[in-house]
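Dear colleague,

I am handing over the structure below, and after it you will find a short account of what was found. Please read the two together.

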Amino acid sequence: MSLNLNDKKAVVAEISAKIASAQTIVVAEYRGIQVGHLTQLRAKARDQGVYLRVLKNTLARRAVEGTAFADLASEMTGPLIYSISDDAVAAAKVISDFAKTNDKLVVKAGNYAGKTLDKAAVTALANIPSREVLLAQVLGMMLVPVASFTRGLAALAAKKAEGETPAAAAEPVAEVTEAAAE
């Protein structure tokens with residue numbers, strides 16, 4: 001079923017709105033993939049907050065025209081599925097993870113922050129941990145000095161407490177001997 005002019009304008013407007021807030025776009029060729037597998041891919045993308053859609057390449061080229069993703073237009077040939085995300089890693093991760101289990105999905109190219117990525121770069125981007133994991137790692141690194149300082153203080157307090165216990169125990173014995181001597 002072909003789209004009339006108004007439908008095409010609506011699709012371009014919808015994609016342009018998604019691209020306006022996007023950080024990453026990944027395109028992959030989906031030739032020969034069964035519908036059930038594409039449904040699984042869409043479900044995974046939805047869970048990750050990734051906008052995933054099969055588009056006419058001419059409409060996609062119009063949507064990226066004049067944006068940071070304009071360089072990607074040269075890669076838009078053949079049957080492509082477009083993965084668009086606000087998260088820098090999510091689009092690449094969804095497509096790359098699915099491509100590992102389904103050899104018919106072939107990563108073609110991507111674009112991150114206005115830089116065109118080839119297949120290897122998209123895979124490298126997909127291997128970067130998510131934002132939440134990176135924030136947890138940074139927080140953990142920031143807590144290391146504080147935790148080390150706290151352990152040092154605790155060890156110092158324990159050592160000091162050990163040193164006072166024998167001295168405190170020795171004083172009552174000395175008092176007892178002096179009282180007995182009198």
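Contact, as the word is used here, means heavy atoms within 4.5 Å. This is a predicted model, in which local features need pLDDT of at least 70 and side-chain atom pairs count only at pLDDT 80 or more, while totals for chains, interfaces and linings use all residues. Residues are numbered from 1 along each chain as its sequence is written, and side-chain values use heavy atoms, with hydrogens and water left out.

The protein chain holds six helices and five strands (DSSP runs, numbered from the N terminus: H or I of at least four residues for helices, E of at least two for strands). Starting at the N terminus, their order is α-β-α-β-α-β-α-β-β-α-α. Of the contacts between residues at least 6 apart in sequence, 80% join residues at least 24 apart.

The protein chain has 182 residues, of which 28% count as buried (buried is under 20% relative accessible area, exposed over 50%, and partly exposed in between, with a 1.4 Å probe and protein chains only).

With a relative accessible area of 26%, E75 is partly exposed. Leaving aside residues up to four places away in sequence, E75 touches L80, K108 and A109. The C-alpha atoms of E75 and G110 are separated by 8.8 Å, although these residues are 35 apart along the chain.

Another is L153, found in helix α6 (residues 131–181), which counts as partly exposed because its relative accessibility is 46%.
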